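Open the model in your viewer and keep the selection tool at hand.

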Amino acid sequence: MEIPAELRYSSDHEWVRSVDAGVQVGITDFAQDALGDVVFVELPEVGAQVTADEAMCEIESTKSVSDLFAPLSGEVVEVNVTLEDEPQLVNESPYGDGWICVIALPGDADAVHAEMEALLDADGYAALIAEDS
């Protein structure tokens, strides 16, 4: 199970990575494995305001339909349109080509840093999934 040290994680199994426009969001290796083969990703709308811990889109797999929860609050400024034709990228490359969206975070750099730090680090996420297993 891959858990990259440079990312931050939510307890809902999403990861975030700082990028120029805000934070890139995807689901973890653990989550994609639990879902099974992803067959459809309902991407959030660009311009949508999302709220931390609230559903922002859905992922459909051969096993179920699951909500994807926003790990942080902000505005969706980019979505991975490649997933419309290749949803399996969520399974094949959850931390790379399978990313879901980019969220611009409000506030200054210190506020954004504090929100990121409130998420789990790799060790904290590993402990969380050990409890779930």
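Select I100. Leaving out residues up to four places away in sequence, I100 touches V25, G26, V41, L43, P44, C57, I59, L68, V79, N80, L83 and V90 (contact: heavy atoms within 4.5 Å). This is a predicted model: local features need pLDDT of at least 70, side-chain atom pairs count only at pLDDT 80 or more, and totals for chains, interfaces and linings use all residues. Numbering starts from 1 along each chain as its sequence is written, and side-chain values use heavy atoms, with hydrogens and water left out.

With I100, they have the most contacts inside the largest nonpolar core, which has 27 residues. A nonpolar core is a set of buried Ala, Val, Leu, Ile, Met, Phe, Trp, Tyr and Cys residues joined through side-chain atoms within 4.5 Å. Buried means under 20% relative accessible area, exposed over 50% (1.4 Å probe, protein chains only). Another core, of eleven residues, lies apart from it; W15, W99, A122 and Y125 are among them.

Now show the strands (DSSP E runs, at least two residues; helices are H or I runs, at least four). Six form an open antiparallel sheet, ordered β1-β2-β3-β9-β8-β5. Strands pair if DSSP finds at least two bridges between them. β1 (8-9) and β5 (49-50) each have a single partner strand, so one side of each lacks a neighbour in the sheet. Zoom to Y9: its bridge partner in β2 is W15.

Last, select α5 (122-132). A122, Y125, L128 and I129 are buried. Their arc around the axis is only 120°, which puts them on the same side of α5 (arc: directions from the helix axis to the C-beta atoms). β1 and α1 are included in what covers them. Turn to the opposite face for exposed D123, A130 and E131.
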